Amino acid sequence: MDIKNKVVFITGGATGIGLATTQRLVAGGARVAVYTRAIPQTPNVAALKENPSILFFEGDIREENAVNAAAQKTKETLGSLDVLINNAAIAQRKPFIETTPEDWDAVVDVNIKGTLGVTRAILPFMRDQKSGLIINIASGAGLYGIENLSLYSLTKAAIINFSQSLADEVRGDNIAVFSIAPGGADTEMFRACFPDKPALQTPQQIADVIFKSITGDITPDDRLVVDVFRHAH
Ligand SMILES: NC(=O)c1ccc[n+]([C@@H]2O[C@H](COP(=O)([O-])OP(=O)(O)OC[C@H]3O[C@@H](n4cnc5c(N)ncnc54)[C@H](OP(=O)(O)O)[C@@H]3O)[C@@H](O)[C@H]2O)c1
């Protein structure tokens, strides 16, 4: 896909991997709608706010009405909805035996149900225009579960699986779906989970893989997964 002037809706696009992806997309000529829980007051975000081809929406991906309103406003303001990047997620590091049903709900509600809700909000616009690309940010943890990250890992496995089912359902509408599985990248989420471990990748390296997956310079494998480890070096 030629990204110039295309409209990308990205969740959690104001910090970490999402911010680096927003910046990469804007540099490539895309117009971007960032939907995130709390818009951070950082110089990077302030700089992006100067750009008229970027919209910011503050909201939770679990709030159906707010997500639908943001999708509608994006279409009205920027003219189309060409790419969805489901990037927002949370992680919680503790042994499974110590997790509670409240923990299960929290991680499943954001990482799985939030992703489903945003996808359902955007998909009708792509169907109408008979084109689209949906990229779900999964994780290496979704390919092989990580100890003390069982809840997070299982949600990421679900995201990979969901991407495969959806890809088959919407191919006829000229909509592609795949997931991207990053490794440990230097972000708030990673540092909170692994305070003593060095990160393996920078958010910018992952954003570059996401960008190249959109432009077609990297294609997903047979499982419809782009494994960042194979491409970010
Ligand atoms: N960093 C890694 O090592 C790594 C590895 C593999 C996969 N990933 C995946 O990469 C993606 C980005 O993570 P990151 O590492 O860049 O961490 P991050 O900086 O914590 O980014 C997560 C973003 O999602 C937003 N968010 C969380 N819950 C939300 C909700 N309910 N509604 C709206 N926005 C919400 C957060 O906003 P707030 O800060 O306002 O809550 C934050 O901006 C995630 O899907 C993560 O699972 C990360």
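**Helix packing and sheet in a predicted model**

Q: At what angle do helix 4 and helix 6 pack, and how far apart are their axes?
A: Helix 4 and helix 6 pack at an angle of about 20 degrees, and their axes are 10 Å apart, where axes are lines fitted to C-alpha atoms, for helices over the stretch in contact, and angles run from 0 to 180 degrees between N-to-C directions. This is a predicted model, in which local features need pLDDT of at least 70 and side-chain atom pairs count only at pLDDT 80 or more, while totals for chains, interfaces and linings use all residues. Residues are numbered from 1 along each chain as its sequence is written.

Q: Why are helix 4 and helix 6 called roughly parallel?
A: Angles under 35 degrees count as roughly parallel, over 145 as roughly antiparallel, 65 to 115 as roughly perpendicular and the rest as oblique. The angle of about 20 degrees falls under 35 degrees, and helix 4 and helix 6 are therefore roughly parallel to each other.

Q: Which residues of helix 4 and helix 6 meet?
A: Asp103, Trp104, Val107, Val108, Asn111, Ile112 and Thr115 in helix 4 meet Leu151, Tyr152, Thr155, Ala158 and Ile159 in helix 6, contact being counted if the C-beta atoms, placed from the backbone, lie within 7 Å. By class, this contact of helix 4 with helix 6 holds eight nonpolar, three polar and one charged residues (Ala, Val, Leu, Ile, Met, Phe, Trp, Tyr, Cys and Pro count as nonpolar, Asp, Glu, Lys and Arg as charged, and the others, Gly among them, as polar).

Q: What makes helix 3 roughly parallel to helix 4?
A: The axes of helix 3 (residues 64-78) and helix 4 (residues 101-129) come within 9 Å and cross at roughly 30 degrees. That crossing angle makes helix 3 roughly parallel to helix 4. Among the residues that meet are Val67 and Ala71 in helix 3 and Val118 and Ile122 in helix 4, and the contact of helix 3 with helix 4 divides into six nonpolar, two polar and two charged residues.

Q: Why are helix 1 and helix 8 called oblique?
A: The axes of helix 1 (residues 16-27) and helix 8 (residues 203-215) come within 8 Å, with a crossing angle of roughly 55 degrees. Helix 1 and helix 8 are therefore oblique to each other. Their contact divides into nine nonpolar, three polar and two charged residues.

Q: What makes strand 3 and strand 7 edge strands?
A: The open sheet has seven strands in the order 3-2-1-4-5-6-7, with parallel pairing, and two strands pair if DSSP finds at least two bridges between them. Strand 3 (54-58) and strand 7 (225-227) each have a single partner strand, so one side of each is left without a neighbour in the sheet. From one strand to the next, the twist averages 15 degrees.

Q: How many bridges join strand 4 to strand 5?
A: Four bridges join strand 4 (residues 83-86) to strand 5 (residues 132-137), and the two run parallel. In this pair, leucine 84 stands opposite isoleucine 134 in strand 5.

Q: How do you know that the protein is as compact as a globular protein of its length?
A: The secondary structure of the protein comes to eight helices and seven strands (DSSP runs numbered from the N terminus, helices being H or I of at least four residues and strands E of at least two). The radius of gyration is 16 Å, close to the 17 Å from the globule rule for 233 residues, so the protein is as compact as a globular protein of that length (the radius is taken over C-alpha atoms, and the rule is 2.2 Å times the number of residues to the power 0.38).

Definitions and conventions
Two residues are in contact if their C-beta atoms, placed from the backbone, lie within 7 Å.
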